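Student: I would like to go through this protein with you, piece by piece. Could we begin with a helix and work outwards from there?

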Amino acid sequence: MANAIHEERRKQKQKDLKRKKKAARRRLILALVLLAAFVCFIFGIVKLFSSDVFHDEEEFITFADEKFETDAVCPESDVDDREYHFNEDGTSYAIKRGNWVDGDTKSYIDKKIDSILKKENSSMALLIDAGAYEAPNGAVSTVVHFSTYNADGRHMKIESAKADTKLFDGETGKGADSLQVMNVNYKTKAQDYAEEYFSKTYSDKDLKDDWERFVTSDDTNFNKFVITEDQIAFFFDQDTVLIPEDGTPAVSIPQTIIGSTIRPEILERYVDKSKPMVALTFDDGPYSKTEMKILDTLEENGGVATFFYLGNRVKNDYKSAKRAVKLGCELGNHSWSHPVMSQLDNKEIASQINKTNAVIYKYCGVEPVVARPPYGEYNDKVLKRTGMAQILWSLDTMDWKTRDAEKSFKAVKKAKNLDGKIILMHSIYKESAEATELIVPWLKDNGYQLVTVSELIKYKTGKPPQAGKVYKKVN
Ligand code: ZN
C-alpha cells in the first residue's frame, strides 16, 4: 500500500517537473521574440533618422566614393584618379579619371569636363566619371559621364545623368564614325544581348513600359558606346530603358559575343548619307587572279564592293579575300557549292550556309551577314533556314554572258538613276575585272559613292540587313 502511494507521488513530481520545463521554454521563446522586436525597432529608428546628405568634406567624399562604386557606368581602367571639391555653398563636385590615353583624346575629355562643370554646377553634388579605351583595331573611344544629385529630405536623389561618347582613330587622332570602326551588324548583336540583359537584370518596377524600343537595332539606338580590350559598353539616355531614378542605363557585352563585329582595321572613308550611293557586287569567287585587279581599281578610287563567295573555294584561295576585307569590302555568302537552294531540304540549306560562313570567318576573319542565293533562286524555306538577309540585284551587267568589258560598262551607263541600286557582276572573269576598271571611275565621276551592300541597306533604311528579308534595290 505504502509503496503504491510512494509511486503515485513520484509520478506526480515528474509531471510537475515536465510542466515547469515547458513553461521555462515558453518564457525563453517569448523573451527572444521580444528581443528581436526590440532590435528591429531600434534599427528602424536609426534608419529613420539617418541621412545620406553630407555636411562636411569627409561626408561628401564618402558619398561620392559610394556613388562611383554603386552607379559605375564606365568600364574599369588601369588608372583611377579621384579629386573632390567640397563647397560650403552646396555645389560640390568630384571627378574620377580613368585612362585618358593622350594627345587628342585627353584634350577632348578635358574640354568636355570643363563644359560640364560650367553648365551643371548648381546641384548639391556633381559626379563626373571619364575615361578613354583602346579597341583591338586601334580605335580609341572616350566616355564622359556625369550625374547630379540634390537632397530630397534626408536623402540624396539623382536628378540628371548623361553619357557622352566619341570615337577616334588612334593613329591619326581624327574623330571616327561608328561604321568606320564597326561592321553594320553590330547593332543586331547588341540588340539580342541587351534585350536579355535588361529583362533578366531589372524588375518591371525599374523597366519602363516601352523600354524595348530603345534597344532595337535601328538608327537611333546603340550609338553611344566605348570599346575596350574585352568588351563593348553601350550607354542609353536617362529615362529610356529604365526609370529616371536609375540614372544612365548601360550594358557591357563581352568581346566573345560582339567581337566579330569590330572591323579588323579602321576604315578611312566616310559615307555621306545624303549623297547617291551604289553597291557593286561580285559573285562566284574567291579567285585572286582576277580579284586582285578588281581590288586595285577599287583601292585607286577609294571605293568598296561586296564579294559573294563560294565556301568550297575559300580554303585554297583567300589572298584576295583578305585584301578585300582590309580595304573595307564586304564578304557575303554565296553557298558552299552553288546549288539551287530552293531544291534543297532544310538540313542541306543550313549546311550550305553555315559551312560557308565558318570557312570565311576562319580564313578571312569576318562573319558574313548577307547571302546571295545562286541563280537568285530562293523560297520561303531558304529565307527561314539561312537566317541571313538575301541579296538579289537591281542591275545585271550580264558580264558572265557577254564576257565583254565594254558591253558590261554600257549596261551600267544606260541606267538612269543608280542611287540605291545593287549591281551584279562576277569576279572570276578577266573581262569583268576590265569592266570594273571602266565602271568604277565612271560611277565616281557621276557622283556615286561606292558602298557595300550592308552599308547601302543601313544608310538607306536606317537598319542593318534583316535576316529573312530579300533586297533587290534599296531606296
Ligand atoms: Zn553564282
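**Helices, metal site and domains**

Tutor: Helix α7 has 13 residues, and its first and last C-alpha atoms are 18 Å apart, close to the 18 Å expected at 1.5 Å a residue. Please bear in mind that this is a predicted model.

Student: Which residues of α7 are buried?

Tutor: In α7 the buried residues are S288, T290, E291, I294, L295, T297 and L298.

Student: And what covers them?

Tutor: The cover over the buried residues of α7 includes β10, β11, α9, α14 (430-445) and β17 (449-450).

Student: What happens just after α7?

Tutor: Just after α7, G302 adopts a positive phi of about 60°. N301 is also worth a look, as it sits in the loop between α7 (288-300) and β11.

Student: Is N301 buried or exposed?

Tutor: N301 has a relative accessible area of 16%, so it counts as buried, the cut-off being under 20%.

Student: What does the side chain of N301 reach?

Tutor: The side chain of N301 reaches the backbone oxygen of T297 at 2.8 Å. Leaving aside neighbours within four places in sequence, N301 is in contact with V440, P441 and K444.

Student: How far is N301 from M277?

Tutor: Their C-alpha atoms are separated by 14 Å, and N301 and M277 are 24 residues apart along the chain.

Student: Changing topic: which residues are the protein donors of the zinc ion?

Tutor: The protein donors are D284 through OD, H334 through NE2 and H338 through NE2, and they lie 2.1 to 2.2 Å from the zinc ion. Along the chain, the donors follow the spacing D-x49-H-x3-H.

Student: Where do D284 and H334 lie?

Tutor: D284 lies in strand β10 (residues 277-285), whereas H334 lies in the loop between β12 (330-333) and α10 (346-364), so the pair ties together parts that are 50 residues apart in sequence.

Student: Are those two buried or exposed?

Tutor: D284 counts as buried at 12% relative accessibility. H334 also counts as buried, at 1% relative accessibility.

Student: You mentioned β10. What about V278?

Tutor: V278 is found in strand β10. With a relative accessible area of 0%, V278 is buried.

Student: What does V278 touch?

Tutor: Not counting residues up to four places away in sequence, V278 touches L418, K421, I423, L443, Y448, Q449, L450, V451 and L456.

Student: And how far apart are V278 and Y375?

Tutor: V278 and Y375 are 21 Å apart in space, C-alpha to C-alpha, and 97 residues apart in sequence.

Student: Back to α10, then. What span should α10 have?

Tutor: At 1.5 Å a residue, the 19 residues of α10 should span 27 Å, and its end C-alpha atoms are 27 Å apart, which agrees.

Student: Which residues of α10 are buried, and where do they sit around the axis?

Tutor: In α10, I349, Q352, I353, T356, N357, V359, I360, Y363 and C364 are buried. They cover an arc of only 170° around the axis, which puts them on the same side of α10.

Student: Why would residues three or four places apart point the same way?

Tutor: An α-helix has 3.6 residues a turn, so residues at that separation point the same way.

Student: What is on the face turned away from the buried side of α10, and what covers the buried residues?

Tutor: The face of α10 turned away from its buried side carries the exposed residues K347 and K362. The cover over the buried residues of α10 includes β11 (306-309), α8 (311-314), α9 (319-326), β12, β13 (370-371) and α11 (380-386).

Student: And the ends of α10? What caps the N-terminal end?

Tutor: D345 caps the N-terminal end of α10, with a side-chain oxygen 3.1 Å from the backbone nitrogen of K347. Just after α10, G365 takes a positive phi of about 80°.

Student: What does Q352 touch?

Tutor: Q352 lies in helix α10 and is buried, with a relative accessible area of 11%. Not counting residues up to four places away in sequence, Q352 touches N333, S335, W336, S337, H338, P339, M341 and L344. H338 is also one of the protein donors of the zinc ion. A polar atom of the Q352 side chain lies 2.7 Å from the backbone nitrogen of W336.

Student: Last topic: how is the protein divided into domains?

Tutor: The protein is divided into domain 1 (57-261) and domain 2 (277-471). Their centres, taken over C-alpha atoms, are separated by 38 Å. Eleven residues from domain 1 and twelve residues from domain 2 take part in the contact.

Conventions: Residues numbered from 1 in each chain as written. Predicted model: local features only at pLDDT ≥ 70, side-chain atom pairs only at ≥ 80, totals over all residues. Heavy atoms only, no water. Donors = N, O, S within 2.8 Å, 3.2 Å for Na, K, Ca; no water. Helix = DSSP H or I, 4+ residues; strand = E, 2+ residues; numbered from the N terminus. Buried < 20%, exposed > 50% of the residue type's maximum accessible area, 1.4 Å probe, protein only. Expected span 1.5 Å × (residues − 1). Arc of directions from axis to C-beta. Contact = heavy atoms within 4.5 Å. Polar contact = N/O pair within 3.5 Å; in protein donor to acceptor, adjacent residues only side chain to side chain. Domains from an automatic or database assignment.
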